[in-house]
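Dear colleague,

I am handing over the structure below, followed by my notes on two places in it. Please read them alongside the coordinates.

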Amino acid sequence: MAVPDRFRSAGASADGSADGSADRDTGRPARGGERAGAAGTAGDGLAQVYHVRDLVALSVSSVGPLFSIAATGGVMAGLAGWWTLPAILVITVPFLIAAFVFRLLNRHFPHAGASYHWSRRVMGPAASRFQAWILILAYFTSIPPIIIPASTYTLALVDPGAHPSGLLQLAVSAGWVGFALVPLLAGARPTARITQAFLALELLAVAALVVIGAVRWNTLRVPVHFGHAPVGGMVTVAVVAATILDGWEIDSFASEEARRPRTDPGTGGIIGVFFALGFYVLLYPLMFAETPLKDLAGADNPMAVWGDRLVPGAPWLMLVPVLASTAGGLWLTTYILSRALYSMGREGLLPRGLGRVNRRRVPQAATLCALGAALGVVAVELLFPSVSAFFGVVLSAAGFFLVAEFFLDSLTATVFLRRVHRNRHDPAAPPHRHRGLLVASAVATAMFGASLVGFFVYGPAAIGSSIDYILLVLIAMGVLFAVLTRKRAETHHFSGDDVTLREAAAPAAAPSAAAALP
């Protein structure tokens, strides 16, 4: 069957000949401002070192179940009580679909910018620039809410009864930022190894909590009472739950650092999202069933409350694994944002300096910018009480912008899947559609969209009357950003070649070069 120009594979002319003039996945003719990127460690690119096991470790660790429950469990329990559990299960559905959507998009368009790049390739430059803004907000607003609890938990571990000053909290926060820079600036491979060590500690802690909770079930269980379903609270919880269900998508942002960029990224994300679901299916029911709801609701660290019931008088047994989970969440969330900033800087959407790597093939400027700006927000929150409430409301919007990010990704996939396209791995295969995934991505788009609308309706009652206005201003700023940057960006096409294929091709090229010499 004839294939429209937009859907021919890379460099394919109408008769299938390779001329290098078309987009390799959509078949769209190359336009001005677009260039191909080299694979591997040559030149100024990222180093392709990650095996699938590394990507799985990044995806699972980035979920950070212990920190996620500690940071948000009290808020969600206060908003919806026992109805928190079904609310989490409902919002899990589109996230599970999104994991498969990410794998599909990554196979066609592997790129360090992931969502931002996919949007440009499918939806166009204007939509991509707007999504770049949403992506930055989603992950940047997620970092200060990790740094501040890390400081709080650390001080609670050292001196449980202390009431530290804002300056002391800021100093500890700065220490955590410095600690996160160690794996981030050491290189891709050290980042994976350190993450694996912290993940092992967290998995061991989760297993121990489940075992102890099961053993002490008869002693600690409390009455279960759902009561009337608080619709507004459940809708708000569903959006807040985005902050505990995300993170697994990190392997797509690491695709340019994978040895098999079109095959392995996405697989780790699917495993990560199922691990996340498993963590919460085990931990949340145990914590709710063994701790009075009045003690959990509004608690700064509900995991510590539950832990004190499991093993009375030993708060460190819970704080240490929670801190390990917090550490992984801090540097891996920053990792995602740094790769996005690097991609945008490389293409000129943001200052070009963000698009450079250091000698370890790490986007150092993007990493320092992300953590430095986050620490600045933390300093304002801790040292200036008059504006801390405003920043608190802004940062509480992290869940909203994460849901918005996944909404846009699902919409991108839905548009892409409606079109006929070729199999990138087998260009000779006939054009096709993924009808099942098309339906699923449309369902995910609708569910994410409904959650965003519901948050506008019920969010003010749960978070503050100003939240809707703040969200609208930030969204309007995204539209303005897309307009003001319309002449800046070019598209960087990463080749997506496997390292093994490139290494095999290198010796074959050498004799040709030698033959050209006199």
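The crossing of H6 and H7 is right-handed, a crossing being right-handed if the near helix is turned clockwise from the far one by less than a right angle, and left-handed if anticlockwise. The contact (heavy atoms within 4.5 Å) is made by Ile147, Ala150, Ser151, Thr152, Thr154 and Leu155 of H6 and by Leu168, Gln169, Val172, Ser173, Trp176 and Val177 of H7. These residues divide into 7 nonpolar, 5 polar and no charged, where Ala, Val, Leu, Ile, Met, Phe, Trp, Tyr, Cys and Pro count as nonpolar, Asp, Glu, Lys and Arg as charged, and the others, Gly among them, as polar. Helices are DSSP runs (H or I, at least four residues) numbered from the N terminus.

This is a predicted model, in which local features need pLDDT of at least 70 and side-chain atom pairs count only at pLDDT 80 or more, while totals for chains, interfaces and linings use all residues. Residues are numbered from 1 along each chain as its sequence is written, and side-chain values use heavy atoms, with hydrogens and water left out.

Ser441 counts as buried because its relative accessibility is 0%, buried meaning under 20% relative accessible area with a 1.4 Å probe and protein chains only. Leaving aside residues up to four places away in sequence, Ser441 touches Ile97, Val101, Ser410, Ala413, Thr414 and Leu417. Ile97 is 344 residues from Ser441 in sequence, yet their C-alpha atoms are 6.6 Å apart.

Best regards

Terms used
Buried < 20%, exposed > 50% of the residue type's maximum accessible area, 1.4 Å probe, protein only. Helix = DSSP H or I, 4+ residues; strand = E, 2+ residues; numbered from the N terminus.
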